[in-house]
Amino acid sequence: AQSVTQPDIHITVSEGASLELRCNYSYGATPYLFWYVQSPGQGLQLLLKYFSGDTLVQGIKGFEAEFKRSQSSFNLRKPSVHWSDAAEYFCAVGARDSSYKLIFGSGTRLLVRP
Amino acid sequence: GAGVSQSPSNKVTEKGKDVELRCDPISGHTALYWYRQSLGQGLEFLIYFQGNSAPDKSGLPSDRFSAERTGGSVSTLTIQRTQQEDSAVYLCASSAQGATNQETQYFGPGTRLLVL
């Protein structure tokens with residue numbers, strides 16, 4: 001079955017520290033991979049996406065993610081976290097053969113310590 | 001340009017009433033999706049429209065849920081005889097047609113539905 005796992009429900013980091021949010025997927029076809037961020041009371045904003053090619057993708061707000069096919073992972077990273085990064089982060093997968101409908105992970109809530 | 005808009009932003013209704021939620025996609029986007037975000041179920045797909053093709057309704061949780069898309073643009077999600085378990089945030093997303101664009105979905109702010 002197709003699924004996305006975000007093993008960390010909550011992560012707390014200090015401002016200025018580095019960040020890595022984990023995402024693992026199970027998908028039969030070659031997936032398209034996404035990271036979205038959701039601030040309280042807001043919709044989902046696209047951070048970055050991977051379709052093909054270079055496995056290290058850059059996104060907005062200084063985020064990057066690396067696709068590792070052998071580990072079925074698409075982890076999100078940021079070298080230095082800002083207080084404004086506090087939000088919930090969702091990893092998602094989609095594919096052409098399933099109408100591109102997204103399957104989401106359960107989300108990771110990021111708290112930033114001053 | 002303008003993003004995806006949804007209305008109302010909040011809706012409180014009584015159990016058993018019908019509700020309609022509206023989505024205005026990004027102009028020119030031919031694909032439109034509805035998702036539901038609830039505490040117990042997370043983010044889940046409901047329905048997908050693409051151009052004039054028959055919609056993919058595989059995610060609708062019951063026959064109380066229906067959706068239509070008029071003129072290939074605005075979409076309305078209707079929930080009949082609402083139940084308390086329908087309380088959730090309903091998110092709409094749209095994407096552009098084309099081999100490299102269709103995969104990226106842009107989301108609206110959502111409609112927060114509370115069924116009393």
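Predicted model: local features only at pLDDT ≥ 70, side-chain atom pairs only at ≥ 80, totals over all residues.

Modeller: For the 116 residues of chain B, a compact globule would have a radius of gyration near 13 Å, and chain B has 14 Å, which agrees.

Biologist: What box do the C-alpha atoms of chain B fill?

Modeller: Taken along the principal axes, the box is roughly 40 × 30 × 25 Å. Of the 116 residues in chain B, 50% are buried. Chain B exposes about 5600 Å², and carbon and sulfur atoms supply 45% of that area. The mean positions of its 10 positive and 11 negative charges are 4 Å apart.

Biologist: Which secondary structure elements make up chain B?

Modeller: Chain B has 10 strands and zero helices. From the N terminus on, its elements run β-β-β-β-β-β-β-β-β-β. When contacts between residues at least 6 apart in sequence are considered in chain B, 55% join residues at least 24 apart.

Biologist: How many disulfides does the structure hold, and what makes C23(A) and C91(A) one of them?

Modeller: There are two disulfides over all chains. The sulfur atoms of C23(A) and C91(A) are 2.0 Å apart, and a pair of cysteine sulfur atoms within 2.5 Å is a disulfide; therefore C23(A) and C91(A) form a disulfide. C23(A) lies in the loop between β3 (19-21) and β4 (24-26) of chain A and C91(A) in strand β10 (residues 87-94), so the pair ties together parts that are 68 residues apart in sequence.

Biologist: Why is the disulfide of C23(A) and C91(A) called left-handed?

Modeller: The torsion about its S-S bond is about -65°, so the disulfide of C23(A) and C91(A) is left-handed. Both C23(A) and C91(A) are buried.

Biologist: What joins C23(B) to C92(B), and how do you know?

Modeller: The S to S distance of C23(B) and C92(B) is 1.9 Å. The cut-off is 2.5 Å, so a disulfide joins C23(B) to C92(B). C23(B) lies in strand β3 (residues 19-24) of chain B and C92(B) in strand β8 (residues 88-95), so this pair ties together parts that are 69 residues apart in sequence. The torsion about the S-S bond of C23(B) and C92(B) is about -65°, so the disulfide is left-handed. C23(B) and C92(B) are both buried.

Biologist: Is P79(A) buried or exposed, and how do you know?

Modeller: P79(A) has a relative accessible area of 61%. Exposed means over 50%, so P79(A) is exposed. P79(A) lies in the loop between β9 (73-78) and β10 of chain A. Not counting residues up to four places away in sequence, P79(A) touches G16(A), A17(A), S18(A) and G62(A). P79(A) and F63(A), 16 residues apart in sequence, are 8.1 Å apart in space, C-alpha to C-alpha.

Biologist: Is Q38(A) buried or exposed, and how do you know?

Modeller: Q38(A) has 10% relative accessibility. The limit for buried is under 20%, so Q38(A) counts as buried. Q38(A) is placed in strand β5 (residues 32-38) of chain A. Not counting residues up to four places away in sequence, Q38(A) touches G43(A), L44(A), A87(A), E88(A) and F90(A), and also Q37(B). From Q38(A) to F90(A) the C-alpha to C-alpha distance is 7.8 Å, and the two are 52 residues apart in sequence.

Biologist: What is the phi of S72(A), and why is S72(A) called partly exposed?

Modeller: S72(A) has a positive phi of about 50° although it is not a glycine. Its relative accessible area is 26%, which falls between 20% and 50%, so S72(A) is partly exposed. S72(A) is in the loop between β8 (64-68) and β9 of chain A.

Biologist: Why does R81(B) count as partly exposed?

Modeller: R81(B) has 42% relative accessibility, and this value lies between 20% and 50%, so R81(B) counts as partly exposed. R81(B) also has a positive phi of about 50° although it is not a glycine. R81(B) is found in the loop between β7 (75-79) and β8 of chain B.

Biologist: What kind of peptide bond joins S7(B) and P8(B)?

Modeller: A cis peptide bond joins S7(B) and P8(B), with omega about -10°. P8(B) lies in the loop between β1 (5-7) and β2 (10-13) of chain B.

Definitions and conventions:
Residues numbered from 1 in each chain as written. Chains lettered and ligands numbered in written order. Heavy atoms only, no water. Helix = DSSP H or I, 4+ residues; strand = E, 2+ residues; numbered from the N terminus. Buried < 20%, exposed > 50% of the residue type's maximum accessible area, 1.4 Å probe, protein only. Rg over C-alpha atoms; globule rule 2.2 N^0.38 Å. Contact = heavy atoms within 4.5 Å. Areas by Shrake-Rupley, 256 points an atom, 1.4 Å probe, with all protein chains shown as cover. Lys, Arg positive; Asp, Glu negative; His and termini not counted. Charge placed at Lys NZ, Arg CZ, Asp CG, Glu CD.
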